Amino acid sequence: MKIAMIGTGYVGLVSGVCFSDFGHEVVCVDKDPKKIEMLERGEVPIYEPGLDSLLAKNVEAGRLSFTLDLKEAIDGAEAVFIAVGTPTRRGDGHADLTYVMAAAEEIARAASDYVVVVTKSTVPVGTNRQVKQTIAKANPELDFDVASNPEFLREGAAIDDFMKPDRVVVGVQNDRAAEVMAGIYRPLYLREFPIVTTDLESAEMIKYAANAFLATKITFINEIAALCEKVGADVKQVSKGMGMDGRIGNKFLHAGPGYGGSCFPKDTKALARIGQEHASPMQITEAVIKVNEEVKRRMIDKLLDLCGGSFNGKTVAVLGVTFKPNTDDMRDAPALTIVPALVGGGAKVRACDPQGQHEGEALLPGVNWIEDPYKAAQNADLLVILTEWNEFRALDLKKIANKMTDPKMADLRNVYNVKDAKRAGFTGYESIGREGYAQD
Ligand SMILES: NC(=O)c1ccc[n+]([C@@H]2O[C@H](COP(=O)([O-])OP(=O)(O)OC[C@H]3O[C@@H](n4cnc5c(N)ncnc54)[C@H](O)[C@@H]3O)[C@@H](O)[C@H]2O)c1
């Protein structure tokens, strides 16, 4: 089948590459000439493990190409996917649909034969119908259908998630569109991955409900962690004991510095807004958004405690700035709250991240970037573990503590424990939802 993919970001590029690996002929389109030039040279504009080799393989096989020209991409395509950004609209929390609607208009102008217009971007309930109206208005002659196909991949594990999904969700209005979608996902269907075929509104809702639920789970354990610190319980033990219950499950139960990233913050806000617009308030989601902000602020208090009440004049080494490991994505990362608080409070901040420097340099002014965590810790007063990259999971803590002026650690991902820190010679250690210590 021939597919056009609009948007070559974290979702569009991975989807396009994976569809071509299914055997389809895929043309990926983006408005950003720099991205298309890089892709044409065989370079991947984002960091996603395994994507470069899969891309090269499918370009080589002649199934995958890149262009700035939507008309060329859409020519002869049975489906055109919209995978553009839907960031938070300034001021009101609603998902900004400017890019989706612009893409719909462009499709209307470029298409001449029957095509299924598939929205992969995360969009509020009702958007697919709006896309349909927009296209029908711009090109009343065009024979087309719309389909909703929200994406559930996780950055850092995106290829595996796309190739071996828990489920694929497809919202359609008729059999003709359902057949095209079934053809596209046939390789997954043959391998018995579940495909949920439903109506447009349910498909759109599934995506928001799933993300809001996961954000709630993380926020719940973060709130339990705060209580654990007060009552002397260990949140790692609590999560383990809770997660073994099959009704609860052990995923998304790791206490940390608050959720961030390209999806949870904006999707929870958009869901809250959808609820308000329909006079059906999403009270749990609204509470989650509020509590998550408090969690991030609580992290700053933890660091302040370890620094004796002021960051002024302190040297702080921050390990990890991306919102999670194995991505270079910094969108809404906790680092964007925590690092400016350190810099603003007068600390000298050194940051170290295996893939985050490029994005981070623009977003975190006043930070000194150092590749090696041991060098970053040299003469520092505080070590902060902010993202649990594998590179930071097995550090020689003794070597680090010996290099530091005042060896104190804020382990905001619970990678180490009090015993590790004491043995290594740290004079203070704080983590999440567990007892820490501070020696005078
Ligand atoms: N990033 C994730 O982990 C993830 C996971 C699931 C769903 N989603 C959803 O997928 C959508 C895309 O997210 P993303 O992270 O890939 O975004 P992104 O910002 O990384 O990529 C969007 C791309 O679309 C391009 N673009 C915008 N308008 C265009 C147009 N008219 N024509 C051609 N290209 C255009 C931009 O230049 C950009 O390269 C969002 O709705 C997001 O919520 C993201």
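Does Lys-57 count as buried, partly exposed or exposed, and at what relative accessibility?

Reply: Lys-57 counts as partly exposed, at 45% relative accessibility; buried means under 20% relative accessible area, exposed over 50%, and partly exposed in between, using a 1.4 Å probe and protein chains only. This is a predicted model, in which local features need pLDDT of at least 70 and side-chain atom pairs count only at pLDDT 80 or more, while totals for chains, interfaces and linings use all residues. Residues are numbered from 1 along each chain as its sequence is written, and side-chain values use heavy atoms, with hydrogens and water left out.

The side chain of Lys-57 forms a salt bridge with that of Asp-21, at 2.9 Å from N to O. Lys-57 belongs to helix H3 (residues 51-60) and Asp-21 to helix H1 (residues 10-21), so the pair ties together parts that are 36 residues apart in sequence. Asp-21, at 22% relative accessible area, is partly exposed too. A salt bridge here is a side-chain nitrogen of Lys or Arg within 4 Å of a carboxyl oxygen of Asp or Glu, and helices are DSSP runs (H or I, at least four residues) numbered from the N terminus.

The whole structure holds 20 salt bridges. One of them joins Lys-164 to Asp-160, with the closest N and O atoms 3.4 Å apart. Lys-164 is partly exposed at 47%, and Asp-160 is partly exposed at 45%. Lys-408 and Asp-406 make another bridge, with 3.1 Å from N to O. In that pair Lys-408 is buried, with a relative accessible area of 11%, whereas Asp-406 is partly exposed at 25%. Glu-155, Asp-329 and Arg-331 are linked in a salt-bridge network.

Glu-155 also takes us to the ligand. Of the 24 residues that surround the ligand, the closest are Asp-30, Lys-35, Thr-86, Glu-155 and Lys-266; a residue belongs to this group if one of its heavy atoms lies within 4 Å. Eight residues of this shell are nonpolar, seven polar and nine charged. (Ala, Val, Leu, Ile, Met, Phe, Trp, Tyr, Cys and Pro count as nonpolar, Asp, Glu, Lys and Arg as charged, and the others, Gly among them, as polar.) A polar side-chain atom of Lys-35 lies 2.7 Å from an oxygen atom of the ligand. The side chain of Lys-266 places an N or O atom 2.6 Å from an oxygen atom of the ligand. Ser-262 has a side-chain N or O atom 3.2 Å from a nitrogen atom of the ligand. The ligand taken alone exposes 830 Å², of which the protein buries 89%, by the Shrake-Rupley method with a 1.4 Å probe.

Two helix residues complete the tour. Asn-222, in helix H10 (residues 200-231), is buried at 1% relative accessibility. Its side chain reaches the backbone nitrogen of Gly-256 at 2.8 Å. Beyond neighbours within four places in sequence, Asn-222 is in contact (heavy atoms within 4.5 Å) with His-254, Ala-255, Gly-256, Gly-258, Val-295 and Arg-298. Thr-337, in helix H14 (residues 335-344), is partly exposed at 26%. With neighbours within four places again set aside, Thr-337 is in contact with Lys-296 and Ile-300.

Notes: A polar contact is a pair of N or O atoms within 3.5 Å; within protein, one must be able to donate a hydrogen and the other to accept it, and residues adjacent in sequence count only if both atoms are side-chain atoms.
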